[in-house]
Amino acid sequence: MQSRLPILIFALAMAAIPFVPGMPPFWIVLLDNIGLTALVAMGLVLLTGVGGLTSFGQAAFVGFGAYTTAVLSTAYGLSPWLTLPLSLLVSGSLAVLLGLVTVRLSGHYLPLGTLAWGLGLFYLFSKLEFLGRNDGISAIPPLSIGSFKMLSPGSIYYAIWVAVIVSALLTMNLLDSRTGRAIRALRRGHVAAEAFGVHTPRAKLLVFIHAAVLAGLSGWLYAHLQRAVNPTPFGAQAGIEYLFIAVVGGAGYVWGGVLGAAIVVVLKEVLQSYLPLILPGSGQVETIVFGIMLVALLQLAPGGVWPWLMAFLPERTRGKKPDTSLKLEQRTRASGQSSVLLQIEKARKQFGGVIAVNNVSFDVQAREIVALIGPNGAGKSTTFNLITGVLSATSGSISVLGKKVDRAPPQEIVKLGISRTFQHVKLVPDMTVLENVAIGAHLRGHSGPISSMLRLDRADEARLLAEAARQIERVGLAEQMHQLAGSLSLGQQRIVEIARALCVDPMLLLLDEPAAGLRHMEKQRLAALLRELRDGGMSVLLVEHDMGFVMNLADRIVVLDFGTKIAEGPPATIKTNPEVIKAYLGVAA
Amino acid sequence: MNTTIMLFLVQDGITNGAIYALLGLALVLVFAVTRVILIPQGEFVTYGALTYASLAAGQMPGTAKLALALGIGAFVFDLFVARKALHGRLIVRSFVANIVLPAIVLALTVYFASQKPPVAVCIALSLVIVAMIGLYLYRIAFQPLAHTSVLVLLIASVGVHLALQGLGLLFFGAEGQRGPAVLSGSFTAGALRFTGQSITVYGITIAFIVGLWLFFGFTLYGKALRATAVNRLGARLAGIRTTLSGQIAFLLASVIGALSGIMIVPITTLYYDSGFLIGLKGFVAAIIGGLVSYPLTAVAALVVGLVEAFSSFYASNYKEVIVFMLLIPVLLLRSLAAPAVEEEKD
């Protein structure tokens with residue numbers, strides 16, 4: 001929900017620059033280069049800074065874009081405007097191929113994997129006959145509108161910067177949407193996002209394609225600016241350079257990519273033209289100084305220049321409250337005759353030789369609060385993970401409304417109306433409470449990435465945010481709605497997780513130690529909320545260590561010890577059960 | 001293809017593979033301990049090789065001066081960090097380690113360079129010079145960033161690579177160089193001719209693999225390094241100085257890099273920028289080894305060397321394409337086999 005005014009001013013300023021009297025033509029060339037680089041860096045911001053996927057291979061996608069138009073417009077004489085969609089298509093579809101191989105890689109495999117295919121593709125460009133080997137392809141026609149040919153750097157300037165600003169707007173729209181929230185959740189690991197129905201591999205592939213298409217666009221423009229292509233600018237060095245442009249600018253921010261491009265392009269130019277005057281006669285001095293400056297810059301501002309600059313601006317008041325009168329349609333309930341919501345039969349989970357859950361059976365009925373208790377290491381959280389599909393059971397079965405869901409992934413479980421919170425809070429700390437909670441409603445929205453970019457998703461989006469706001473008010477955090485989730489106390493973050501789980505419109509709520517870190521009054525309020533939910537028709541299964549809280553709240557208690565169920569019953573009988581007392585207090589009691 | 005050619009290719013592949021194995025080991029080591037993906041590893045290779053070749057040719061290598069310059073930088077960083085609690089012993093220790101040591105080495109280099117020293121002296125000097133460069137680089141470029149993300153460290157590593165490569169051109173010029181064989185002479189066994197050089201390569205690689213295994217398995221420092229690799233904070237709480245671990249890792253990496261360079265330069269002509277590609281092939285091996293396993297990395301490196309040798313015979317144009325694309329199926333297998341584990345980042 002950012003104001004568009006600064007962008008408009010920026011666009012007008014960029015449009016006015018060529019008309020400034022006495023503007024050296026060379027500066028326009030520099031600005032052209034900045035724009036081309038910024039496009040690629042912007043894609044990397046989304047991919048690396050936001051999505052957490054580091055890629056060294058972006059230069060190869062620039063190459064795909066450039067070579068596609070080069071071949072088609074020279075050898076086949078196609079109009080450059082016809083080759084634009086084809087360039088983007090080639091970059092995009094190769095991104096699908098390479099992405100399928102790479103995005104599933106975790107941690108450091110990913111950047112190194114991209115480095116490897118980036119290099120491989122570079123050598124392929126320089127060896128293939130129809131791409132002109134090392135000489136490349138020349139005599140590419142310029143862009144033209146009617147009889148006006150964009151031959152000079154000044155005339156293609158507008159094409160480049162329109163592309164940059166439009167891409168920035170589309171990218172920012174994408175980030176501020178249902179799909180965008182899923183992408184922004186990627187960097188924090190996949191378990192939380194998947195628990196609310198996000199297909200993380202698909203979201204990763206999506207950002208990968210987005211970044212590749214932006215790179216392809218840059219390549220297409222590059223080919224028609226230079227009117228010749230050769231393999232050199234698409235090699236591994238260039239791929240590395242794009243990445244550090246994004247990091248220098250501020251890898252988490254769309255405009256950081258543009259700023260980084262400006263800094264690096266200008267810096268290189270200045271070093272190249274002025275250093276020889278200071279240190280004459282020596283070879284690659286600018287590379288040396290450039291490398292040193294890069295390291296120094298990172299030591300001074302490891303987060304990049306953009307956030308460092310933004311810190312000087314007065315803090316803006318964050319977004320307005322969504323209109324909570326908008327209703328989100330309810331999830332369609334699975335029709336089941338049985339009143340047994342969840343049935344666990346002889347569930348067993350082994351990790352190597354350790355039996356974390358040993359043939360545990362219990363059920364949860366409709367409108368019931370069941371507590372799962374036991375000493376540390378009893379297997380409570382593992383049981384939760386079995387129910388929600390994060391882990392699959394070694395043996396035994398789990399059924400929801402009489403239907404077996406043994407091998408179902410988390411995304412399928414949440415569709416059945418089972419939502420959860422986590423023992424170790426899994427929120428995205430640099431997103432607001434509202435945005436975090438809205439992830440819970442992911443499955444209840446429908447807008448895809450394209451409609452988000454084009455802002456066709458606003459009605460859908462408003463309903464999602466309204467639902468999120470309603471649930472935040474319900475759990476009593478309306479005041480904190482627009483604060484960053486990471487700035488809340490741990491207890492409050494747990495409550496945010498409950499609001500997020502409620503956004504699913506669940507029939508069964510799984511809460512993993514919801515009262516930990518809460519003060520006495522807050523616990524009472526939580527207990528009241530859970531009773532209200534039960535009376536409204538929801539069931540709750542919770543793991544909790546606070547016995548006072550559990551005994552007053554639960555309708556039924558299941559006790560685990562070393563993975564085995566040792567007791568089950570209403571609170572009054574559990575309190576006096578000798579087995580339970582033994583498990584908690586030792587034999588003597 | 002006849003047997004002779006095949007045996008020749010296998011031999012060539014194993015020799016190159018052994019070098020990649022060494023580099024792959026160093027990369028794994030540095031990454032595990034410091035989380036730095038050491039792109040300048042290739043520069044350690046060229047610096048080692050070209051310093052050795054220059055010395056052997058009776059020229060003064062600029063790297064000795066660089067070591068002193070970096071040492072002065074490291075000294076300044078030490079003083080700056082400790083500015084609130086400066087005391088005599090610290091200053092003296094830092095002064096000796098960062099300034100006196102490289103100054104002595106520089107003096108020795110100047111002395112020997114003028115009189116074509118024997119091979120052993122050249123090797124020793126080259127190793128010491130590059131080792132110091134590695135050590136001081138860690139102090140100046142990476143130690144201040146030790147708390148940041150892998151990505152920031154990676155970009156810093158790129159910066160260091162650019163600076164070192166530029167300096168390499170300055171020191172050694174654009175001309176390629178070759179050095180004298182470490183071990184001259186050769187013998188034949190059947191159709192195969194073994195040169196002293198290739199025997200040296202095998203010997204040193206095996207010695208290093210065994211050495212690293214002993215170091216990590218049986219010494220306190222080795223265990224401290226492994227502890228740092230697993231959990232930095234935990235290691236610090238147990239009293240391990242993580243900076244020291246980082247220094248040891250960089251020291252080992254630079255020595256391994258320089259040694260690899262010295263072993264290659266009698267076989268192939270090296271240029272100031274050759275290191276990058278050689279280092280990257282070490283990377284390929286390291287990735288196949290998953291950046292964690294030393295034996296797997298060594299085996300993978302041999303495979304990379306063999307693939308390279310055979311593809312240079314069959315499709316020399318596509319040699320690099322094949323070597324780097326080799327990774328794709330490996331990564332695919334790894335990703336399919338990868339367990340669904342949660343990673344907590346940042």
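Student: In this predicted model, how are α7(A) and α9(A) oriented relative to each other?

Tutor: Helix α7 (residues 178-186) of chain A and helix α9 (residues 200-226) of chain A pack with their axes 10 Å apart and at an angle of about 100 degrees. Angles of 65 to 115 degrees count as roughly perpendicular. The two helices α7(A) and α9(A) are therefore roughly perpendicular to each other.

Student: Which residues of α7(A) and α9(A) make the contact, and how do the residues of that contact divide into nonpolar, polar and charged?

Tutor: From α7(A) come Ala182(A), Ile183(A) and Leu186(A), and they meet Thr200(A), Ala203(A), Lys204(A) and Val207(A) of α9(A). Sorted by class, the contact of α7(A) with α9(A) consists of five nonpolar, one polar and one charged.

Student: Is α11(A) oblique or parallel to α12(A)?

Tutor: The axes of helix α11 (residues 254-278) of chain A and helix α12 (residues 285-300) of chain A come within 9 Å and cross at roughly 140 degrees. Because angles over 145 degrees count as roughly antiparallel and those of 65 to 115 degrees as roughly perpendicular, a value between these ranges falls among the rest. That makes the arrangement of α11(A) and α12(A) oblique.

Student: Which residues of α12(A) meet α11(A), and is the crossing left-handed or right-handed?

Tutor: On the side of α11(A), the residues are Leu267(A), Lys268(A), Leu271(A), Gln272(A) and Leu275(A), and they meet Val285(A), Glu286(A), Val289(A) and Phe290(A) in α12(A). By class, this contact of α11(A) with α12(A) has six nonpolar, one polar and two charged residues. As for the handedness with which α11(A) passes α12(A), the crossing is right-handed.

Student: How compact is chain B for a chain of 346 residues?

Tutor: Chain B has 14 helices and two strands. Its radius of gyration is 21 Å, close to the 20 Å that the globule rule gives for 346 residues, so chain B is as compact as a globular protein of that length.

Student: Is Leu401(A) buried or exposed?

Tutor: Leu401(A) lies in the loop between β8 (395-400) and β9 (403-404) of chain A, and its phi is near 50 degrees, a positive value in a residue other than glycine. Most residues other than glycine have a negative phi. Because Leu401(A) has 21 C-beta neighbours inside 10 Å, it counts as buried.

Student: Is Ala139(A) buried or exposed?

Tutor: Ala139(A) is placed in the loop between β1 (137-138) and β2 (143-145) of chain A, and although it is not a glycine, it has a positive phi of about 60 degrees. With 9 C-beta neighbours inside 10 Å, Ala139(A) counts as exposed.

Student: How far apart in space are Gly353(A) and Ser487(A)?

Tutor: Gly353(A) is found in the loop between β5 (340-351) and β6 (354-365) of chain A, where it is exposed, with 5 other C-beta atoms within 10 Å. Gly353(A) and Ser487(A) are 134 residues apart in sequence, and their C-alpha to C-alpha distance in space is 41 Å.

How values were computed:
Residues numbered from 1 in each chain as written. Chains lettered and ligands numbered in written order. Predicted model: local features only at pLDDT ≥ 70, side-chain atom pairs only at ≥ 80, totals over all residues. Axes fitted to C-alpha atoms, helices over the stretch in contact; angles between N-to-C directions. Helix = DSSP H or I, 4+ residues; strand = E, 2+ residues; numbered from the N terminus. Parallel < 35°, antiparallel > 145°, perpendicular 65-115°, else oblique. Left-handed = near helix turned anticlockwise from the far one by under 90°. Contact = placed C-beta atoms within 7 Å. Nonpolar A, V, L, I, M, F, W, Y, C, P; charged D, E, K, R; others polar. Rg over C-alpha atoms; globule rule 2.2 N^0.38 Å. Buried ≥ 20, exposed ≤ 12 C-beta atoms within 10 Å, placed from the backbone.
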